[in-house]
Amino acid sequence: MKYFTLNNDNVMPMDGIGVFLLSPQEAEKSVFSALKDGVRLIDTANAYMNEKAVGRAMKESDVAREEIFLVTKLWPTVYEEEDAVERTLERLGTDYVDLMFLHQPAGNWRAAYRTLEREYKAGRIRAIGLSNFPEKLVREILQTAEIKPQMVQVEAHPYFPQTELKKLLAENGMGLMAWYPLGHGDKNLIDEPVFTRLAEKYGKTNAQIILRWHIQEGNVVFPGSRNPEHIRANFDIFDFELAEEEMKEIAKLDKNIRYYNATPEDIQKYASMELDFDSQE
């Protein structure tokens, strides 16, 4: 396993599992399977409606809590609720999370950031993150925050490597967690000739080559899967290393292509969407 050192000296695994779009039952099975296979990074969110399932899987796995790096995200409609973090911890069945993100730059996110700073000082949050924040707002927080964020979570893959944003993050000791690390499953990306050739060379799959590229780029990845074999494969990327010239060849794939672009209407929807998080199974 490779680890990323945050700007507060905490360390996190660079490969884990995400549970976006998984039902509570699927999330519980996937996280349990991943933990049994040695995965120690878990990414969930209020809005995924499976935090309770993640908490159950952690408990059932018998893996010590301090060995798990647990990530979740605060949804915009709960930003101003005084007990939002406390209720999140109750759903997860833990007394702290290793990293908590503001899920969207919507609602009263500036006040929410101050809440996360307070919870960070209290020890209930070990690191603070920004999810889906554009570079402009990342810069704003860096200029105004008392506690500098440790991580930004955004779409990133070989077609959209976030080159400019990563320069800013590097200057501030911040990391990048990549969602859609495989380009939302786009066959055009996954089947690029360079990945097919390197997969044959290293005895890996094209997807494993892409995930290894992320690790060597310094990105944290958390691909989701319902399939135990796929979960193991996504984690089996630490027994080889891409050469410098191979990394340069992959860099040429940058097409500045996103698979998701949030519109102002999307942001407004996020800011007003009410979800009953405590009703999770």
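**Close-up 1. Strand S9 and its covered residues.** In this predicted model, S9 is mostly covered, with 5 of its 5 residues buried; buried means under 20% relative accessible area, exposed over 50% and partly exposed in between, using a 1.4 Å probe and protein chains only. Strands (E, at least two residues) and helices (H or I, at least four) are DSSP runs, numbered from the N terminus. Gly175, Met177 and Trp179 point one way from S9, Leu176 and Ala178 point the other way, and all are buried. In a regular strand the side chains alternate between the two faces of the sheet. Look for Glu155, which stands opposite Trp179 in S9.

*Reading these views:* Residues are numbered from 1 along each chain as its sequence is written, and side-chain values use heavy atoms, with hydrogens and water left out. Because the model is predicted, local features need pLDDT of at least 70 and side-chain atom pairs count only at pLDDT 80 or more, while totals for chains, interfaces and linings use all residues.

Close-up 2. Two strands pair if DSSP finds at least two bridges between them. Strand S6 (residues 99-102) and strand S7 (residues 128-131) pair in the parallel sense over 3 bridges, and Met100 has Ile128 in S7 as its bridge partner.

**Close-up 3. Helix H2 and what covers it.** Which residues of helix H2 (residues 51-61) are buried? They are Glu51, Ala53, Val54, Gly55, Ala57, Met58 and Ser61. Their cover includes H1, strand S4 (41-43), strand S5 (69-74) and helix H3 (84-92). Just after H2, Asp62 takes a positive phi of about 65°.

Close-up 4. Ser33 is found in helix H1 (residues 24-36) and counts as buried because its relative accessibility is 14%. Not counting residues up to four places away in sequence, Ser33 touches Pro228 and Ile231; contact means heavy atoms within 4.5 Å. Lys166 sits in helix H6 (residues 163-171), and its 17% relative accessibility is why Lys166 counts as buried too. Leaving aside neighbours within four places in sequence, Lys166 is in contact with Pro161, Leu176, Glu217 and Asn219.

**Close-up 5. The largest cavity.** About 60 Å³ of space lies in the largest cavity. On a 1 Å grid over the protein atoms alone, a cavity is a set of points where a 1.4 Å probe fits but cannot get out, and lining residues have an atom within 4 Å of a point. Grid points are joined across faces, edges and corners, and a volume is the space filled by probe spheres set on the points. Among the lining residues are Asp15, Val39, Pro223 and Phe235. Helix H10 (residues 228-235) gives the largest share of this lining, 3 residues.

Definitions and conventions
On a 1 Å grid over the protein atoms alone, a cavity is a set of points where a 1.4 Å probe fits but cannot get out, and a pocket is an open set with protein on both sides within 12 Å along at least five of seven lines; lining residues have an atom within 4 Å of a point.
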